[in-house]
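Me: I am new to this structure and would like to learn how to read it. Please take me through it one feature at a time.

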Amino acid sequence: MDTTLEQAQQEIVDEFAMLGDWQDRYEQLIELGKELPLIAAEFKTEENLVRGCQSRVWLTAEPRGETVHFTADSDAMITKGLVALLVRVLNDRTPQEIMSTPLTFIDRIGLREHLSPNRSNGVVAMLDQMKRYALAYSTK
Amino acid sequence: MTLATITPVFNVEEIRAQFPILKELVHGKPLVYFDNAATSQKPRRVIKAESAYYATINANVHRGVHTLSTLATEAQEAARETVRAHINAKHAHEVIFTSGTTASLNLAASSLGQLLLKKGDEVLISGMEHHANIVQWQLACERYGAKLKVIPITDSGELVIPGPTRNPGVFTDHTKILAISHVSNTLGTINPIKELIAEAKKRGIITVVDGAQAIPHLPVDVQDLGCDLYAFSGHKMYAPTGIGVLYGREELLEQMPPWQGGGEMIDQVTFEKTTYAKLPFKFEAGTPHIAGIIGLGEAVRWMRDYDLSAMAAHEHSLLEHATKELLAIDGLRIIGTAKEKVGVISFVIDPAHPEGLEGRAGAGVHHYDLGTLLDQQGIAVRTGHHCTQPLMERFGVSGTTRASFAPFNTIAEVDVMVAATKKAVKMLR
């Protein structure tokens with residue numbers, strides 16, 4: 001990876017800074033969500049399901065050399081857009097980097113409500129799960 | 001009850017002025033609060049009554065000899081009498097204060113389970129119950145070897161009513177308890193519980209009603225209904241959170257064993273044996289939510305200052321308008337189209353062109369996405385399974401978007417929601 005995890009977050013923050021009101025930001029997220037499935041259909045299993053209260057997220061992780069490779073998807077479009085951003089930031093990074101860098105970009109792009117403790121969107125649960133995978137692979 | 005025929009004489013602006021929260025902005029936009037089935041907003045009078053208790057008479061009840069304790073006890077018991085009158089219970093001691101509907105139903109299931117259930121017995125619920133009226137009956141059934149049976153519901157969201165001719169198989173010789181919601185929180189259906197209760201009574205079945213969604217919308221007369229137990233929450237009827245009621249018919253309450261131990265529920269305690277206090281205190285262990293009780297009493301008094309049928313008619317006009325306007329959205333389908341409904345409208349947005357989608361044009365909309373985009377426009381609706389997962393399964397949906405109305409809502413707010421929904425659907429498709 002050429003960029004650090006922190007730089008990847010900053011890039012997203014810069015991209016969203018160009019978008020004006022809430023509608024532009026959400027349209028951008030929805031566009032990200034509408035792109036092709038981020039996960040192969042055969043991986044959309046009960047086992048790979050990360051449970052949020054309302055939207056479902058599927059997540060797979062596998063070690064690739066020193067790094068962790070993620071794929072993910074969601075049935076809700078906004079969640080899927082957020083998930084696409086999380087994968088973009090965390091994918092193919094070392095477990096150490098995944099575990100040690102605080103993820104601040106969702107808050108910084110004005111979407112803090114998606115990190116709220118109400119379990120509605122599954123993003124927080126997905127983030128926890130990604131870190132658990134990173135931890136598991138770091139100790140192997 | 002035919003609400004549509006009543007002409008409302010009703011000043012919505014006067015009502016709105018009493019709810020301070022309606023002046024709040026959400027994401028810079030005026031709040032449109034359509035999540036009343038989850039919790040209603042509170043009029044200033046209720047907020048003041050609760051804080052006045054803490055500011056002027058805060059003391060524990062039924063124990064102290066000092067003045068504040070006497071005043072607090074009087075205020076609490078006045079609230080009990082207000083609630084009694086509101087639901088037309090025969091005695092004030094038939095009104096038991098709990099923390100809410102869920103606690104009331106847990107009390108009912110735990111105590112009735114112990115009193116009544118044995119191996120082979122059946123508890124009858126319906127397919128539209130809230131989890132709060134499912135899970136504790138499952139627990140009770142497991143404990144005593146009884147079986148949980150479910151009254152099926154139709155595609156429009158109405159009960160397939162058990163009766164001697166229509167569905168002889170639902171009530172059986174083994175049925176001991178009927179536990180059923182008066183109004184469905186997800187569908188808005190008003191169930192014909194009076195008829196059901198009469199049928200149950202003929203067979204000696206004890207009846208428990210989950211009235212959480214009925215009490216804010218309908219006049220409830222427990223003697224007229226003939227139910228044995230009736231549960232509801234304060235926070236859905238303009239009162240504070242954390243307070244609720246279990247009404248119980250005196251003769252039954254006398255037989256039911258206590259649920260929780262400690263505090264006022266005792267008569268005398270020795271390490272060998274405890275005797276219990278008389279009703280209602282037998283079921284009110286520990287220090288009650290005194291401020292909440294006082295707030296509940298004030299909420300009831302507030303409601304009774306208005307013509308409840310005018311309030312209901314106003315909510316019904318909101319429901320009719322919302323139904324008509326929402327159905328104009330391509331692919332929008334209402335879940336729950338019973339003839340008798342309160343002001344609750346639950347819907348999903350299916351693909352507009354089910355035969356195949358060009359790109360994503362006309363695609364379905366996930367309730368979470370819709371709820372999020374409505375929130376951005378200042379509109380609070382509930383999305384998800386509404387704690388009725390078996391019902392969602394019945395209708396084959398993962399969740400719905402639900403708008404639930406209160407007397408302070410307006411037709412203009414419904415229009416704001418409809419326009420916002422159209423905008424969100426356009427963004428998402």
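**Reading the interface and the salt bridges**

Reply: In this predicted model, chain A and chain B bury about 1,600 Å² between them, with 60% of that area on carbon and sulfur atoms. A:Trp22, A:Lys34 and A:Gln54 supply 40% of what chain A buries against chain B, more than any other three residues.

Me: How many residues of chain A and of chain B are in contact?

Reply: The size of an interface is often given as the accessible area lost when the parts come together. A count of residues is another way to describe it: here 18 residues of chain A are in contact with 18 residues of chain B.

Me: Which elements give two or more residues to the side of chain A that touches chain B?

Reply: They are helix 2 (22-34) and helix 3 (77-90) of chain A. Helix 2 of chain A gives the most, with 6 residues. By class, this side of chain A has 7 nonpolar, 7 polar and 4 charged residues.

Me: How many salt bridges does the rule find across the interface of chain A and chain B?

Reply: Side chains of opposite charge can pair when their charged atoms come close. Across this interface the rule finds 0 salt bridges, while 8 residue pairs are in polar contact, both residues being at pLDDT 80 or more. Over all chains, the structure holds 29 salt bridges.

Me: Which residue forms a salt bridge with A:Glu11?

Reply: A:Glu11 meets A:Arg88, at 4.0 Å from N to O. The pair links distant parts of the chain, from helix 1 (residues 5-17) to helix 3 of chain A, 77 residues apart.

Me: Is B:Arg16, which forms a salt bridge with B:Glu413, buried or exposed?

Reply: B:Arg16 counts as buried because its relative accessibility is 16%, under the 20% cut-off. B:Glu413 is also buried, with a relative accessible area of 6%. The closest N and O atoms of the two are 3.2 Å apart.

Key:
Residues numbered from 1 in each chain as written. Chains lettered and ligands numbered in written order. Predicted model: local features only at pLDDT ≥ 70, side-chain atom pairs only at ≥ 80, totals over all residues. Heavy atoms only, no water. Contact = heavy atoms within 4.5 Å. Buried area = accessible area lost by both parts, 1.4 Å probe. Salt bridge = Lys/Arg side-chain N within 4 Å of Asp/Glu carboxyl O. Polar contact = N/O pair within 3.5 Å; in protein donor to acceptor, adjacent residues only side chain to side chain. Helix = DSSP H or I, 4+ residues; strand = E, 2+ residues; numbered from the N terminus. Nonpolar A, V, L, I, M, F, W, Y, C, P; charged D, E, K, R; others polar. Buried < 20%, exposed > 50% of the residue type's maximum accessible area, 1.4 Å probe, protein only.
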